[in-house]
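I opened my notebook to look up how this structure holds its ligands. Here is the view I worked from.

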Amino acid sequence: EAGAAALLVYNNEEGPVNGTLGEKNDDYVPAGGISQADGEALIALDGTEITLELRSFMEDRTTYNVIAETQTGRKDNVVMAGAHLDSDPAGPGINDNGTGSVALLETALALGAEPDINNRVRFAWWGAEEFGLVGSTYYVNSLSFEQQLDIALYLNFDMIGSPNAGYFVYDGDDSDGEGAGPGPYGSAQIEAAFVDYLENTVGVPTEGRDFDGRSDYGEFIAVGIPSGGLFTGAEGEKTEEQAAKWGGVAGEAFDPCYHQACDNLGNVDRVALDRNADAMAYVIGKYALSTEEING
Ligand code: PHE
Ligand code: ZN
Ligand code: ZN
Ligand code: ZN
């Protein structure tokens with residue numbers, strides 16, 4: 001009832017939003033089962049001011065990080081690699097982030113429990129990345145300062161088989177001098193290791209990708225752990241220049257099914273996934289043998 005009603009609009013991500021009956025509120029982002037049409041119908045009653053209280057559509061639930069590490073290698077110089085295992089609620093999340101998760105699992109299985117390495121390798125499959133980097137942030141903050149210092153570096157893999165793929169390596173040295181600054185000391189060397197493998201062994205050109213805080217490296221960087229990783233693009237559009245060097249379709253998103261129901265098994269560029277899985281394995285193996293270029 002206009003004027004008196006307390007109207008609840010369920011929504012996945014937005015906090016409380018003020019709305020005016022009879023006007024469409026652009027802050028209102030329909031999600032989680034309420035369509036835009038429903039939202040407009042709800043709002044277009046008359047011109048009365050009301051407050052729309054947006055609450056999470058989803059239930060509270062417990063989620064988990066899955067962590068596994070080698071039984072060999074120095075415990076005080078750990079090479080860490082992670083991928084988020086959860087997906088956006090809109091779809092099955094095969095590119096985002098089945099690709100990163102499965103490549104990481106394959107690398108762990110190939111490495112085995114007791115490889116002949118100098119530095120311990122710790123794998124993490126993060127929970128609840130899509131709800132604000134929850135699992136990885138919790139993990140980093142659950143460590144003591146000493147335990148954080150024992151992590152030599154962190155490698156992140158979130159979306160590495162986008163169907164209209166770009167080849168992005170996190171920009172550890174901030175070579176373009178724009179956007180987010182450089183990563184913690186040592187991140188430039190990690191970037192160079194990925195670029196070297198992809199460009200010189202695989203033969204595919206790469207571009208830098210800012211540490212813009214959108215994936216699970218966020219808390220590692222925040223506490224000063226050198227970081228790096230790979231990314232093939234999300235909702236951003238491939239340019240003409242990028243299509244010329246990488247193939248694919250200019251003017252289309254790197255992943256047109258990003259956070260949608262169509263992020264299914266068809267939504268993977270298997271060549272990109274294969275190349276990036278190889279680069280992942282190479283860089284993890286390299287630092288399992290030595291991190292001297294990062295921390296002396
Ligand atoms: N973290 C984003 C997601 O899971 C994807 C992303 C990764 C965006 C890396 C930018 C950079 O939806
Ligand atoms: Zn996502
Ligand atoms: Zn993701
Ligand atoms: Zn760079």
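I started with a term: donors are N, O and S atoms within 2.8 Å of the metal (3.2 Å for Na, K and Ca), and water is not among the atoms, so sites may look incomplete. My model is predicted, so I noted that local features need pLDDT of at least 70, side-chain atom pairs count only at pLDDT 80 or more, and totals for chains, interfaces and linings use all residues. Residues are numbered from 1 along each chain as written, chains are lettered from A and ligands numbered from 1 in written order, and side-chain values use heavy atoms, without hydrogens and water.

**Entry 1: the metals.** I found that Asp 96 bridges the zinc ion (ligand 3) and the zinc ion (ligand 2), which are 3.4 Å apart.

**Entry 2: burial.** Are His 84 and Asp 96 buried or exposed? Buried means under 20% relative accessible area, exposed over 50%, and partly exposed in between (1.4 Å probe, protein chains only). I read 0% for His 84, which is buried, and 3% for Asp 96, also buried.

**Entry 3: ligand 1.** I looked for polar contacts, meaning pairs of N or O atoms within 3.5 Å; within protein, one must be able to donate a hydrogen and the other to accept it, and residues adjacent in sequence count only if both atoms are side-chain atoms. The side chain of Tyr 258 has an N or O atom 2.6 Å from an oxygen atom of ligand 1. Asp 158 places a polar side-chain atom 2.8 Å from a nitrogen atom of ligand 1.
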